[in-house]
Amino acid sequence: MTRSDRGFLQRARRTPILRIATALSILSTWIGCSHGGSPTQPSGPPAAGSTIVWAAIGASDVTGIGSSVPCLLQDCANGTSYIAVAARQLRSQGFVLDLLNLGLPTAVIGRDFETLGQQYNRVIAGNFIEQEMPFVQRGATLVTIFAGLNEINTVTAALGTGAGGSDPNGYIDAQVRAFNTDFSTLLRGVADRAGSPRVVVLNLPNPAGMPYLAGAPLAQRQAAQRTAVAMTRTVVNPLVSSSTVVVDLMCDARSYQASTYSSDGLHPNDGGYAFIASEVVRAVTSASYPAPQGSCSFMSIVP
């Protein structure tokens, strides 16, 4: 395991992430029982003044780790995660919100990445497919999904201890294919629960340009970049459709500004979450939100 990975684990143990994850596991059954309804078939952005039934799938981003007011399992009036800030903005525009915060700090998309991470002593409390997707409201009209960074850190941890052997790029590419399979499973599960909600997916910034990897070895930054770019180009960006919008964090310069991040260099601070929230609100409400870029300079930060 690299020095950067060890530092990340040490930071995780000093935070309330594990306590939050435990609480979420205890309360997840209650959430599933308290949100009923029947599938709906919305198309395009919500009508002005309508009710948005929103399921937010993610990890520490949904909870707001790194911000001044993180929030677990609630639609917090004063929260500073991207979903809390976006919810306030949507309400200020006249929408009525029924928001379900499903965020599980440290979580990854599927059981395969959870098992892989635990094999290399990473703190992973669960996965989206098993611990979040089953609780998406039957009447959800909006689902947001942000996945990938915890998976990338899992892959680089594995590579740092010799996984992949003499073919690290082949190992990375196999993990990207597994991520694609998991994402397809997640989206099928969302559709089974909610029909055809508007889906907003956030693609990944390039970790090679994020502060938490600034002092990491070149090989680790190269691996993180290869994984993130491949996930963005081959898994997330192709999801764009009439009912699915992709927020392009990979090619947004704000994703690489040190001022966007909290002291750990990985989780956004209040300003970082605010910028993400503003893009999510645009993606939810706009009938012509721009498609993600197929190529940009941020995809090749390291050689």
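Predicted model: local features only at pLDDT ≥ 70, side-chain atom pairs only at ≥ 80, totals over all residues.
**View 1. Pairing of E1 with E2.** Strand E1 covers residues 51–57. E1 and E2 pair in the parallel sense over 6 bridges. Strands of a sheet pair through backbone hydrogen bonds, either parallel or antiparallel.

**View 2. Strand E4 and its two partners.** E3 and E4 run parallel and are joined by 5 bridges. Thr 144 has Val 200 as its bridge partner in E4. E4 and E5 also run parallel, with 4 bridges between them. Here Val 199 has Thr 244 as its bridge partner in E5.

**View 3. Burial of E4 on both faces.** In a regular strand the side chains alternate between the two faces of the sheet. On one side of E4 are Arg 198, Val 200 and Leu 202. On the other are Val 199 and Val 201. All of these are buried, and both faces of E4 are covered. Because 5 of the 5 residues of E4 are buried, the strand is largely enclosed by the rest of the structure.

**View 4. The largest nonpolar core.** This core has 89 residues. Those with the most contacts inside it are Trp 54, Ile 57, Tyr 82, Val 136, Phe 179 and Phe 183. Helix H8 (residues 168–194) supplies the largest share of the core, 9 residues. Leaving out residues up to four places away in sequence, Phe 183 touches Ile 109, Ile 145, Ala 147, Val 201, Val 235, Val 236 and Leu 239.

**View 5. Helix H5 against helix H8.** The axes of H5 (residues 111–119) and H8 come within 9 Å and cross at roughly 140°. H5 and H8 are therefore oblique to each other. From H5, the contact uses Asp 112, Phe 113 and Leu 116. From H8, it uses Tyr 171, Gln 175, Ala 178, Phe 179 and Asp 182. By class, the contact of H5 with H8 has 5 nonpolar, 1 polar and 2 charged residues.

**View 6. Surroundings of Gln 293.** Gln 293 lies in the segment after H10. Its relative accessible area is 39%, so Gln 293 is partly exposed. Apart from neighbours within four places in sequence, Gln 293 is in contact with Asn 237, Asp 248, Cys 251 and Met 299. The C-alpha atoms of Gln 293 and Met 250 are separated by 8.6 Å. Along the chain, these two residues are 43 residues apart.

**View 7. The whole protein, for orientation.** The protein has 10 helices and 5 strands. Of its 303 residues, 58% are buried. Among contacts between residues at least 6 apart in sequence, 78% join residues at least 24 apart.

Notes. Residues numbered from 1 in each chain as written. Heavy atoms only, no water. Core = buried A, V, L, I, M, F, W, Y, C linked by side-chain atoms within 4.5 Å. Buried < 20%, exposed > 50% of the residue type's maximum accessible area, 1.4 Å probe, protein only. Helix = DSSP H or I, 4+ residues; strand = E, 2+ residues; numbered from the N terminus. Contact = heavy atoms within 4.5 Å. Pairing = 2+ DSSP bridges. Axes fitted to C-alpha atoms, helices over the stretch in contact; angles between N-to-C directions. Parallel < 35°, antiparallel > 145°, perpendicular 65-115°, else oblique. Nonpolar A, V, L, I, M, F, W, Y, C, P; charged D, E, K, R; others polar.
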